[in-house]
Amino acid sequence: ETCKYGPDKEIPKDEMLHSSYWESIGFEDPCQGADIDVFGQCPFFCSASEHEIAGSSLIVDETQRSYCVLKLWHPHVTTLSDADLTGGTIANGHAFSCVHPSMAYHFVLALDDSGSMWGQPWEDLVNSVNAFMKSRQDASPRDRFSIILHNHEARLVADYQLVTAYDASVLVFGSGGNSFSLALREVEQSISKHLKKEEQPVLLFMSDGIWFDGEVEMKALTDKFRVQHRFTCYTIGFGSENFAKLKELARIAGGHYVECAEGIELKNTFVEIAANYPPSISVSATK
């Protein structure tokens with residue numbers, strides 16, 4: 001694989017697996033057992049201050065290093081579930097077993113309240129949001145949330161509030177058509193207003209219907225926030241429509257698409273997403 005990293009980050013470097021090298025030159029691998037396993041592991045390590053040698057802010061204590069638990073050249077990961085971990089730290093697309101308390105999240109919930117959501121679907125959505133907020137209140141009361149209700153308009157009904165201040169009365173049904181573009185523009189404004197180094201923005205974009213726009217706005221969101229601010233996106237289809245658009249929006253964001261046919265599935269999805277974000281700090285990774 002060809003990679004770019006320091007020194008001389010502008011110069012691509014070709015990398016070869018240890019096993020491939022010995023195979024390519026026709027010699028038996030002199031290494032055995034655990035050594036071979038190490039050569040197949042990702043070489044990035046956590047650079048949190050807890051791993052530094054006492055009195056130095058630059059030198060990492062080799063005995064205290066926490067390496068990425070994934071294989072060499074693994075896909076970029078954004079949540080613990082991506083790495084099959086129940087605890088740890090996600091940083092710059094890598095997964096570490098160490099935990100550094102103090103991370104918080106800004107959850108932005110963009111929720112469809114168009115005409116087709118009237119009645120039981122809306123009740124199911126409100127129950128799902130309530131369960132999500134209860135989960136985050138228990139896990140990390142420092143988290144913030146914003147709620148955007150979208151039909152043919154987009155309404156910011158809760159702006160960067162502590163999860164402990166959540167009140168379901170803000171979820172007032174609106175009815176009408178739909179516009180994913182307007183909703184995502186409101187999402188971008190909400191995240192931009194409240195960017196903080198210690199908070200990761202996480203978007204839950206939910207709809208029960210088919211629509212024809214949003215790609216441009218989702219790409220702009222991703223380009224603006226994913227790398228520097230670890231932006232993560234979930235698109236959630238609720239009901240039985242063709243949700244090709246939501247799948248495409250998730251693909252553009254490098255995020256996750258989930259389809260829920262029934263109310264109980266929707267509630268479980270919201271709770272599962274909430275559980276993906278333990279209160280731990282994302283730190284830089286160094287190769």
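**Salt bridges in the model**

Author: In this predicted model, aspartate 143 and arginine 136 form a salt bridge, with their closest N and O atoms 2.7 Å apart. Aspartate 143 is buried, because its relative accessibility is 0%, below the 20% cut-off. Arginine 136 likewise counts as buried, at 1% relative accessibility.

A second pair joins glutamate 215 to lysine 245, whose side chains meet in a salt bridge at 2.3 Å, N to O. Glutamate 215 belongs to helix α5 and lysine 245 to helix α6 (residues 244-253), so this pair ties together parts that lie 30 residues apart in sequence. Glutamate 215 is partly exposed, at 28% relative accessibility, whereas lysine 245 is buried, with a relative accessible area of 16%.

A further pair lies within one helix. Lysine 134 forms a salt bridge with aspartate 138, and the closest N and O atoms are 2.7 Å apart. The two residues are 4 residues apart in helix α3 (residues 120-139), which means that about one helical turn separates them. Lysine 134 is partly exposed, with a relative accessible area of 46%, while aspartate 138 counts as exposed at 54%, since exposed means over 50%.

Terms used
Residues numbered from 1 in each chain as written. Predicted model: local features only at pLDDT ≥ 70, side-chain atom pairs only at ≥ 80, totals over all residues. Heavy atoms only, no water. Salt bridge = Lys/Arg side-chain N within 4 Å of Asp/Glu carboxyl O. Buried < 20%, exposed > 50% of the residue type's maximum accessible area, 1.4 Å probe, protein only.
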